[in-house]
Structures are given as structure tokens and as C-alpha cells.
Amino acid sequence: MKTEPISAIYVTTMQRTHQTAAPLARHLGLEPRVERDLREVFLGEWDGGEFRFRAAENDPAIVRARERHEWGELPGAESTAELQARVRRGLLRIAQAHADELVAVVVHGGVVGAALALATGAKGFAFSGAANGSISRLVVHGEQMIVRGFNDVSHL
């Protein structure tokens, strides 16, 4: 990505996105901007690591969430619709601020999944499982979003 004409870099409120973006930001001489609406899905009572333990145990709530494509099946979690609404707001805000520009947005797997499901009209979890460090490409024109790539790891 160092050779791409990136005009801005966005990160979330979570430190790991800042860390991931830092080498590219340094190379391009850009200061990452924070977009709060692109933070990872809020997992309610299972936020902060509990989700991983429950997933490993195949907790019934996780099974239901996967079957129904609904984050809200987890205790106290935001719904898939709520996640998608805020991700859409964040992406449209960035696109409006950078019309006809290439922007790097460093986010989390749940956000990647929500953004691409929104763009394609797919079920909420259709794009779950993006690899860490992968690149997905989304083009935003006005209110329309078009997927140009998902989970590219060829650079790793």
C-alpha cells in the first residue's frame, strides 16, 4: 500500500488499529484520523475476550447468532442492524470528506463483515472471517457501496 496514492488513513478507537496503521502512516507522512462509528461490534457481556472462550465452547448463543446472522443473540450485544447502521454512517462520512480519493481505513473483522454485507445485500455474517492484516476494497459513490475485493492476503 506504500505506493498507492492514499490521501488519508482512518483508524478506530481501539489501539490495535492505530498500531496496524502506524507503519503506513509514517511512510506516507499522514496522521491517522479516528472514526468512532467503525469500532468493532459491541459484544455486550462477552466483550473484552469472553466471546473467544464462548466461541471455542460452541456456546448456544453463538450457534444461534451464526444461524440467524444476528449479533443481538449474544447477551447485551448490539444487533446486526445497529452495527450495520453505524458502520454505514462512518463509511459515508469518510467518503463524503474524501470524494474521488483513495483512503485506507484500518478496522476490525466484524466491521469488514458489516460493510461488505451492506454493500452486497448479503446476510449479516456472509463476510465473517476476514484474516488479520487482509485487505478488502470498497468503493463508495454517494450512498452506493461496491465491493472490489475481500480478504486479500497476497501482500503478507
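Ile6 has Leu102, in strand 3, as its bridge partner. Strand 1 and strand 3 run parallel, joined over four bridges. Helices (H or I, at least four residues) and strands (E, at least two) are DSSP runs, numbered from the N terminus.

This is a predicted model, where local features need pLDDT of at least 70, side-chain atom pairs count only at pLDDT 80 or more, and totals for chains, interfaces and linings use all residues. Residues are numbered from 1 along each chain as its sequence is written, and side-chain values use heavy atoms, without hydrogens and water.

Two strands pair if DSSP finds at least two bridges between them.

**The cores**

A nonpolar core is a set of buried Ala, Val, Leu, Ile, Met, Phe, Trp, Tyr and Cys residues joined through side-chain atoms within 4.5 Å. Buried means under 20% relative accessible area (1.4 Å probe, protein chains only). The largest core holds 29 residues; Trp71, Leu74 and Val87 touch the most other members.

Helix 5 supplies the largest share, six residues. A second, separate core has eight residues, including Ile6, Val11, Leu24 and Val106.

**Around Val87**

Contact means heavy atoms within 4.5 Å. Beyond its neighbours within four places in sequence, Val87 contacts Asp37, Leu38, Val111, Ala114, Ala115 and Leu118.

Conventions: Buried means under 20% relative accessible area, exposed over 50%, partly exposed in between (1.4 Å probe, protein chains only).
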